[in-house]
Amino acid sequence: FDASISDNIEVCKGTQAPIQATGGNAYAWQPQVDLSCYDCPNPVFMGDTSRFYTCRIWNTDSCSKVLPVKVNVLPNPAMPAFTTTSTECY
């Protein structure tokens with residue numbers, strides 16, 4: 001049977017990202033950490049640490065596939081530091 005999962009995902013630290021799996025009747029995400037649900041096709045990642053996940057996808061014949069996805073958490077962009085000095089204008 002045909003089943004698919006999102007490509008690897010990049011997300012900034014402190015933000016959320018949906019993950020999608022399709023093609024099945026039942027789903028089981030592992031590990032059960034930092035996801036909005038673990039037995040649904042489209043959980044939302046809510047973590048601050050990069051992580052590999054697998055999703056076992058079952059069809060109606062009790063056959064299953066296990067597909068991987070990696071969520072890369074990127075650091076928030078740093079703003080450059082600016083220093084100012086007062087000047088006297090004549």
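Cys-12 is partly exposed, with a relative accessible area of 35%. Here, buried means under 20% relative accessible area, exposed means over 50%, and partly exposed lies in between (1.4 Å probe, protein chains only). The model is predicted, so local features need pLDDT of at least 70 and side-chain atom pairs count only at pLDDT 80 or more, while totals for chains, interfaces and linings use all residues. Residues are numbered from 1 along each chain as its sequence is written, and side-chain values use heavy atoms, leaving out hydrogens and water.

Other cysteines were examined next. A disulfide is a covalent bond between the sulfur atoms of two cysteines. The criterion is a pair of cysteine sulfur atoms within 2.5 Å. By this rule the count is one disulfide. Cys-37 and Cys-40 form a disulfide, with their sulfur atoms 1.6 Å apart. The link of Cys-37 and Cys-40 is right-handed, with 50° about the S-S bond. Cys-40 counts as buried, at 15% relative accessibility. Cys-63 is partly exposed, at 40%. The closest cysteine sulfur to that of Cys-63 belongs to Cys-55; because the distance is 16 Å, it is too far for a bond.

Strands and helices are DSSP runs, numbered from the N terminus (helices: H or I, at least four residues; strands: E, at least two). Strand β5 has two faces. Tyr-27 and Trp-29 form the covered face, whereas Ala-26, Ala-28 and Gln-30 form the uncovered one. β5 pairs with β7 in the antiparallel sense, over five bridges. Pairing requires that DSSP find at least two bridges between two strands. Tyr-27 stands opposite Ile-57 in β7.

Several loops carry backbone features. Pro-31 lies in the loop between β5 (26–30) and β6 (44–45). A cis peptide bond joins Gln-30 to Pro-31, with omega about -10°. Asp-34 lies in the loop between β5 and β6. Asp-34 is not a glycine, yet its phi is positive, at about 65°. Asp-34 is partly exposed, with a relative accessible area of 27%. Ser-62 sits in the loop between β7 (51–58) and β8 (64–74). Ser-62 has a positive phi of about 65°, although it is not a glycine. Ser-62 is exposed, at 63% relative accessible area.

Ser-6 is placed in the loop between β1 (4–5) and β2 (9–12). The side chain of Ser-6 reaches the backbone nitrogen of Gln-20 at 2.7 Å. Ser-6 touches Ile-19, Gln-20 and Val-69 (heavy atoms within 4.5 Å), not counting residues up to four places away in sequence.

Technical notes: Polar contact = N/O pair within 3.5 Å; in protein donor to acceptor, adjacent residues only side chain to side chain.
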